[in-house]
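Here is a walk through one protein model, looking at how its side chains pair up. The structure comes first, and the explanation follows.

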Amino acid sequence: MKQQIINSKLPNIGTTIFTLMSSLAAEHGAINLGQGFPDFMMSEELIALVNRAMHKGNNQYVHMNGLPLLRQRIAEKVAGLYTANIDPDTAITVTPGGTYAIYTALTTILQPGDEVIVFEPAYDSYIPNIEINKAVPVLIPLVYPDYSIDWEMVKQKISKRTKAIIINSPHNPTGSVLSKNDMLQLQHIVKDTNIFIISDEVYEHLIFDGLLHESILRYPDLLERSFVCFSFGKTYHCTGWKLGYCIAPPTLMNEFRKVHQFNCFSCNSPMQFALANYLDQKDAYLQLGNFLQQKRDYFQQLMSQTKFIPLVSHGSYFQLYSYKNISEEKEKDFAIRLTKEYGVATIPTSAFYKNENENSVVRFCFAKREDTLYKAVERLIKL
């Protein structure tokens with residue numbers, strides 16, 4: 001029988017570094033500080049609400065755009081946080097995770113040959129999402145070591161083919177956070193253009209040091225051209241639920257939903273019923289930044305006993321550390337050796353660049369129990 005040959009749409013893509021490092025961690029019994037998920041329990045109350053929804057029979061399809069009550073609660077939440085007046089019927093769609101929302105937004109707007117500005121290091125889905133739509137990623141490096149945006153370079157990279165700019169704050173993998181000045185610079189650059197914004201805000205509540213999350217939702221002139229993507233999984237310690245949502249102006253959301261309806265149609269129903277009720281518990285997200293900052297600070301305190309050098313993290317689950325005082329190895333080689341020989345899995349920051357830029361930096365996830373972090377650093381001290 002003749003073997004079928006697939007003309008790959010992503011010929012240069014293999015298994016993700018997250019899968020590789022997690023598999024390596026499991027194989028060698030390493031503590032996994034690589035992949036971004038908590039190892040502590042989520043809210044018992046939220047679990048109980050899911051159980052109650054199932055027992056009440058809320059197990060069938062809900063509306064394609066998301067449970068109406070959940071969309072209403074999201075609109076109320078963003079009104080309180082960002083003074084944004086969002087119509088839950090026309091401007092909010094519940095999605096199976098933030099990554100799906102980003103993919104759907106890009107697929108909605110991109111045509112072959114379009115250009116999308118991407119800041120590197122970048123979350124690993126952005127570039128494949130662009131390329132599968134036959135568009136072109138235009139890569140701009142964030143300025144090491146604070147990973148800020150060089151807005152003059154952005155202006156230079158804008159062309160008549162620029163269709164979108166992707167921003168991410170708080171940022172994965174660096175933990176950097178966009179300022180009000182950054183948002184005003186972006187607003188100035190896209191004014192009087194047809195450029196869209198994809199804003200990845202899945203870590204909106206994981207922000208530290210008294211800083212303010214500068215959401216696109218605070219800036220009406222930016223919102224009118226934006227798809228803003230969020231995650232319930234990151235907010236409520238349930239990444240495996242794969243639930244999020246996208247907010248966009250009605251004209252943009254109408255097109256987003258055309259793609260969504262034939263790709264997912266409807267998301268997990270019991271979880272949506274539970275979240276609609278749990279969103280009343282405002283402290284669950286308002287106190288999240290303090291909770292994760294304590295973990296970041298605890299991890300920093302422990303890591304001060306090692307030869308690793310911390311880079312600034314103002315948000316997310318992550319902090320980057322330089323190992324230039326330890327080794328001259330390439331980041332991937334160092335991360336693999338760290339897993340095999342010292343029993344701690346990390347992610348090489350080079351994996352977040354298309355061409356694997358090297359700065360002798362690895363990413364640690366500190367969204368773990370204190371005993372997990374303590375045991376990991378006990379091993380890292382030996383380096």
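A residue is called buried when its relative accessible area is under 20%, exposed when over 50%, and partly exposed in between, using a 1.4 Å probe and protein chains only. The model is predicted, so local features need pLDDT of at least 70 and side-chain atom pairs count only at pLDDT 80 or more, while totals for chains, interfaces and linings use all residues. Residues are numbered from 1 along each chain as its sequence is written, and side-chain values use heavy atoms, with hydrogens and water left out.

Start with the aromatic rings. Rings of Phe, Tyr and Trp (its six-membered ring) pair if their centres lie within 6.5 Å; planes under 30 degrees apart count as stacked, over 60 as edge-to-face and the rest as tilted. The count comes to 23 aromatic pairs. In one of them, Phe 232 and Tyr 236 are stacked, 6.5 Å centre to centre with 15° between the planes. Phe 232 is buried at a relative accessible area of 3%, and Tyr 236 is buried at 5%.

Another pair, Phe 299 and Phe 364, is tilted, with 5.6 Å between centres and 55° between planes. Phe 299 belongs to helix α13 (residues 288–303) and Phe 364 to strand β13 (residues 361–365), so this pair ties together parts 65 residues apart in sequence. Helices (H or I, at least four residues) and strands (E, at least two) are DSSP runs, numbered from the N terminus.

Next come the charged side chains. A salt bridge is a side-chain nitrogen of Lys or Arg within 4 Å of a carboxyl oxygen of Asp or Glu. The whole structure has 16 salt bridges. One of them joins Asp 280 and Arg 73, with the closest N and O atoms 3.6 Å apart. Asp 280 lies in the loop between α11 (269–278) and α12 (283–286) and Arg 73 in helix α3 (residues 68–82), so the pair ties together parts 207 residues apart in sequence. Asp 280 is partly exposed at 48% relative accessibility, whereas Arg 73 is buried at 18%.

Glu 152 and Lys 155 also meet in a salt bridge, 3.1 Å from N to O. These two residues are three apart in helix α6 (residues 151–157), so about one helical turn separates them.
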